[in-house]
There are 4 protein chains.
Amino acid sequence: MTHDVKAQVTDEALVQRRRAQIVAAAVELFSHQGFYRTTMQDVAKKAGVSAGLIYQYVTDKEDVLLLVLLSVLDSYKQEIPAAISGLTDPLERFWAAISAYCRVVDQRREATVLAYRSTKSLPDDRRELIKRSEIETNGMIAACLKDCIKAGLMREVNVELVTYQLVTFAHSWALKHWRLKELCDLDQYVAEGFDFFAQALLTPKGRRHQAKIQGAADNAP
Amino acid sequence: MTHDVKAQVTDEALVQRRRAQIVAAAVELFSHQGFYRTTMQDVAKKAGVSAGLIYQYVTDKEDVLLLVLLSVLDSYKQEIPAAISGLTDPLERFWAAISAYCRVVDQRREATVLAYRSTKSLPDDRRELIKRSEIETNGMIAACLKDCIKAGLMREVNVELVTYQLVTFAHSWALKHWRLKELCDLDQYVAEGFDFFAQALLTPKGRRHQAKIQGAADNAP
Amino acid sequence: MTHDVKAQVTDEALVQRRRAQIVAAAVELFSHQGFYRTTMQDVAKKAGVSAGLIYQYVTDKEDVLLLVLLSVLDSYKQEIPAAISGLTDPLERFWAAISAYCRVVDQRREATVLAYRSTKSLPDDRRELIKRSEIETNGMIAACLKDCIKAGLMREVNVELVTYQLVTFAHSWALKHWRLKELCDLDQYVAEGFDFFAQALLTPKGRRHQAKIQGAADNAP
Amino acid sequence: MTHDVKAQVTDEALVQRRRAQIVAAAVELFSHQGFYRTTMQDVAKKAGVSAGLIYQYVTDKEDVLLLVLLSVLDSYKQEIPAAISGLTDPLERFWAAISAYCRVVDQRREATVLAYRSTKSLPDDRRELIKRSEIETNGMIAACLKDCIKAGLMREVNVELVTYQLVTFAHSWALKHWRLKELCDLDQYVAEGFDFFAQALLTPKGRRHQAKIQGAADNAP
DNA sequence: CATGAATGAGCATTCATTCAT
DNA sequence: AATGAATGAATGCTCATTCAT
C-alpha cells in the first residue's frame with residue numbers, strides 16, 4: 001500500500017488504525033454526499049474523532065480523498081488476484097477475473113462512482129497516483145486476456161483497448177446502477193457479459209474449450 | 001429543447017442568447033476546474049457579463065450546471081438522428097449511429113466527463129431530467145440495434161444491456177482519454193469498436209451483409 | 001402636503017398621480033413585509049410600473065418610505081379635524097377627536113405599525129419631518145384637552161403628557177392588535193378608554209356635564 | 001431564562017459567556033443602526049470575536065435578534081419581581097411594579113425601542129416566543145392590579161386592557177423619549193403617571209389608603 | 001496524542017440604482 | 001415619459017485549518 005502521505009504521528013500501527021477509521025467514515029460520506037458537500041467536521045464526527053485529530057494523519061482534505069480512492073483501488077488489487085489464484089486454465093482465469101472485478105464493483109458500488117466523480121478533484125500529482133494504480137489493475141485483466149490469446153483461445157485483438165471494454169463493463173454496473181438494477185441482478189449482468197465477450201473474443205478453438213469448461217461446470221453440484 | 005428553468009427576462013430571443021453565453025462559459029470552466037471550484041464570478045467574467053446578470057436567466061448555480069448538462073445531451077439528440085437520417089440499411093444506420101455518438105463525445109469530451117462527475121451534484125428533481133434525457137438518447141441507439149436484430153442481421157441479445165455497452169464504449173473515449181489517446185486516435189478507436197461489436201453481435205447472415213457493405217465502401221473513392 | 005421630495009417630471013398632476021400609485025403599493029408591501037424586505041422591484045410590480053419609473057418621482061428607496069409615512073400622518077391630520085368640525089361643546093369635541101383618532105388607526109392599522117417600525121430607518125433630516133408632523137397632530141388633541149380644562153371640565157393636568165397618553169392609547173390598538181383583538185372590538189376598546197380617561201380627567205363639573213351629554217346621546221335614536 | 005437556540009459548542013458556561021458578549025454588541029448596534037443596517041461583521045467586530053465564531057452560538061442573524069429581544073424581556077422579568085418582593089401592601093406593590101417597569105425601560109431604552117421596531121423581523125415561530133414572554137410580563141402587572149381591586153382599593157376595571165395602558169405608559173418613555181425628555185425627567189414622568197392612574201383607578205377607600213401610605217412616605221427620612 | 005474552540009478567507013446571492021432605447 | 005436589462009457592491013454564512021490546552 002503506497003501512499004507517501006505523511007503522518008505527524010510516529011506509531012505506525014496507530015497510523016494504520018486511525019487512517020482506516022478516517023477512510024471508512026470518508027468513503028461513506030463522500031459516496032453519499034460527494035466530496036465537496038462533505039465537511040471535515042462530518043468526517044471527524046462519523047469517524048468518532050475530533051476535527052483536529054485528522055490533521056495529524058493527513059495533510060489535506062484532498063489527502064483524505066486520495067486515501068479513499070486508493071482504498072477502492074486496493075480492493076481491486078486484492079480481490080482479483082485472490083479470485084484467480086487457484087486456477088490454471090487461461091479461460092477460467094479470465095472469467096474468474098472479470099467476475100471478481102464485477103463483484104468488487106458491486107460491493108463498493110458507491111465508492112466506484114465516487115472515483116469517477118472525484119478523481120479530477122485531486123491535484124495533478126496525486127491524480128497520477130490514482131492513474132498508475134488503475135493501470136496496474138488493468139494490467140491484471142490484460143494479462144489474463146493475453147494468456148487466452150497466446151493459448152489460441154481468443155482472437156488477436158488490441159489487448160489494451162479490449163481491456164478497457166472489460167473494465168468499463170464492470171464499472172458500468174456501478175455507474176448505471178440506477179437503471180441496470182431494474183433490468184437484471186448482478187449474476188445476470190455478469191452472465192450476459194460473458195456471453196457477449198465470448199462471442200466477441202473466442203476463436204473456434206476457444207469456443208470448443210469453453211464448451212468443455214461449461215459442461216464440466218454444469219455437471220458440478 | 002426545453003428546460004423549464006425560468007428566466008426573469010421576458011424577451012425570449014435574449015434569453016436564448018444570454019443562456020448560450022452563460023452555458024458556453026460554464027462548460028469550459030466546470031470542465032477544467034470542476035463545478036465546485038468554479039465561482040459564479042468566474043462564469044460571469046468568462047461570459048463577459050456581470051455576476052448579477054446571470055441570476056436573471058438562472059435561479060441557481062445548480063441551474064447553470066443543469067443547463068450545461070442538458071446542452072451536452074442535446075448535442076447527442078441532434079447529431080445522432082442527423083447522422084442516420086439519409087440511411088435505410090439497418091446495419092449502415094447502426095454503425096452510423098455509433099460513429100456519430102463517438103464523434104459527439106470526442107467534440108464535447110470535457111463536457112462528457114463533466115456529466116459523469118457532476119450529475120450527482122444536482123438535486124434529485126433536476127437529476128431526473130438528466131436521466132430521462134439519457135434514456136431518450138439510449139433509445140435511439142437501441143432502436144438501431146433492434147432493427148438489425150429484426151432483420152436477422154444480429155443475434156437476439158438483451159437490447160438494453162447491449163445498448164449500455166455501446167454507449168459506454170463511446171463515453172469511454174472521453175472518460176479514459178488520458179490513456180486512450182496514447183493508444184490510438186478516434187478513427188482507430190471507432191474501427192476497433194466496430195470490429196469488436198461486429199464479432200459480438202452479427203449473425204452469419206449479418207456477416208455476409210456486412211461484407212457486402214464493406215466491399216461497396218472500400219470500392220468507393 | 002409638504003414633501004420637498006423632488007421629482008424629475010414637470011407635469012404636477014402626473015407627479016401626484018404617480019406618487020399616489022407608488023405610495024399605495026408601498027404601504028401595502030412595507031406593512032406586510034417590512035421596509036427592508038420589500039424590494040423596489042416589488043413596489044414597481046405592485047404599482048404596475050417599471051422599476052426605473054419610480055426613480056423619476058423619488059430619489060431614494062428611503063424617499064418612498066418618507067412618502068408612505070407622511071401619507072399615514074396626513075390621514076390623521078385630515079380625519080381628526082373632520083370629525084370635530086361640526087361640534088362646539090369642548091367635551092364632545094374631545095371625545096370625538098379621540099374616537100376619530102382610534103378609528104383612523106384602525107383603518108390604517110398596518111401603516112401605523114409601520115410608522116413605529118420604520119421611522120428610525122429614515123435619515124435624520126427626513127425623520128425630523130415625521131416628528132414635526134406627529135407633534136402637529138398631537139397639537140390637535142392637546143387643543144381639545146386644553147379647551148376642556150379651560151372650561152373647568154377637566155383637571156389641570158400636564159397637557160402634553162396626557163396628550164401622549166391619549167395618543168398612545170389610540171396607537172396601542174394597532175401595536176397590540178394581535179392581543180387586543182381577542183379581548184374586545186374597536187367600539188368596546190374606545191368605550192373602555194372613554195371610561196378610563198373620564199375617571200382620570202374629569203372634574204366634578206365635568207362629570208355632571210358628561211352625564212348630560214351622555215343622557216342626550218342615550219335618548220337619541 | 002431559556003432560549004432553545006442551539007449552540008454547537010458544548011461547554012455550557014462558555015456558551016453563556018459568548019452569547020452575552022454577542023448580545024451586548026448586538027443590542028448596541030441594532031439599537032443605533034437598526035437590525036438590517038447592522039452586519040454580522042459589525043457585531044463580530046464589536047464583540048471582539050471573528051465572524052465565524054458567532055455561528056457556533058447562533059444559527060442565524062435572526063437568532064441574534066431573538067436573543068437580544070429575549071434579553072430585554074428577561075430584564076423585565078427579573079427587575080419587577082425584585083422590586084416588589086419585600087412589599088405586602090397591594091397598593092405599594094402596584095406602584096413599585098409600575099415604577100420598576102419604568103426604570104427598566106429607562107435603563108434599556110434603546111433596546112425597548114428596538115423591540116418595537118424589530119419584533120416583526122422575526123420569523124413567526126420565534127415571534128411567538130416574544131409574544132409569550134410579553135404576556136408573561138404583563139401578567140405580573142395584571143396580578144398587582146387584581147390584588148388592588150380585590151382589596152377594594154381600585155375600581156372593577158377590565159384588567160387586561162388597563163394593564164396594557166400601564167405597560168404602554170412605561171414603554172412610551174422609551175418610544176417618545178425624543179420628545180418627553182424635553183418635558184420632564186423620569187421621576188417626574190413616573191410621578192405624573194401615578195397621579196393620572198390614581199385618579200383613574202382608585203376607589204374612595206383606595207384614596208384614603210393611598211393618602212396614608214403617602215403620608216408615611218412623606219414623613220420618612 | 002487528542003481535543004474542539006476559534007479563525008477568516010471565500011462564495012452564492014440580492015437588490016438599489018442607472019441608462020440605452 | 002417609460003421601460004427593463006444590466007450592473008456590481010454588499011452581506012450572510014460556511015468550512016478547512018490551526019493551536020492553546
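**DNA strand F and the chain interfaces**

Trainee: How far from a phosphate oxygen of DNA strand F does a polar side-chain atom of Ser50(B) lie?

Mentor: The model is a predicted one. A polar contact requires N or O atoms within 3.5 Å. Between a polar side-chain atom of Ser50(B) and a phosphate oxygen of DNA strand F, the distance is 3.0 Å.

Trainee: Which helix of chain D supplies at least two residues of the surface near DNA strand F?

Mentor: Chain B and chain C each provide helix H1 (12–33) and helix H3 (51–54). Chain A provides helix H2 (40–47), and from chain D comes helix H2 (40–47).

Trainee: What rotation superposes chain C on chain D?

Mentor: The superposition has an RMSD of 0.2 Å and a shift along the axis of 0.1 Å, with a rotation of 179 degrees. The two copies are thus related as by a two-fold rotation axis. Of the interface residues of chain C, 100% are also interface residues in chain D, so the copies meet through the same surface. The rotation asked for is 179 degrees.

Trainee: How much area is buried between chain B and chain A?

Mentor: The contact takes 37 residues from each of chain B and chain A. Arg117(B), Trp178(B) and Phe196(B) supply 17% of the area that chain B buries there, more than any other three residues. Carbon and sulfur atoms give 59% of the total, which is about 4,000 Å².

Trainee: Which helix gives the most to the side of chain B that touches chain A?

Mentor: Eight salt bridges cross this interface, including one between Arg179(B) and Glu160(A), with the closest N and O atoms 2.6 Å apart. Helices H6 (109–118) and H7 (124–150) are among those of chain B that each supply at least two residues to this side. With 10 residues, the helix that gives the most is H8(B).

Notes: Residues are numbered from 1 along each chain as its sequence is written. Chains are lettered from A and ligands numbered from 1 in the order in which they are written. This is a predicted model: local features need pLDDT of at least 70, side-chain atom pairs count only at pLDDT 80 or more; totals for chains, interfaces and linings use all residues. Side-chain values use heavy atoms; hydrogens and water are left out. Copies are superposed by least squares on the C-alpha atoms of residues with pLDDT of at least 70 in both. Contact means heavy atoms within 4.5 Å. A polar contact is a pair of N or O atoms within 3.5 Å; within protein, one must be able to donate a hydrogen and the other to accept it, and residues adjacent in sequence count only if both atoms are side-chain atoms. Helices (H or I, at least four residues) and strands (E, at least two) are DSSP runs, numbered from the N terminus. Buried area is the accessible area (1.4 Å probe) that two parts lose on being put together, summed over both. A salt bridge is a side-chain nitrogen of Lys or Arg within 4 Å of a carboxyl oxygen of Asp or Glu.
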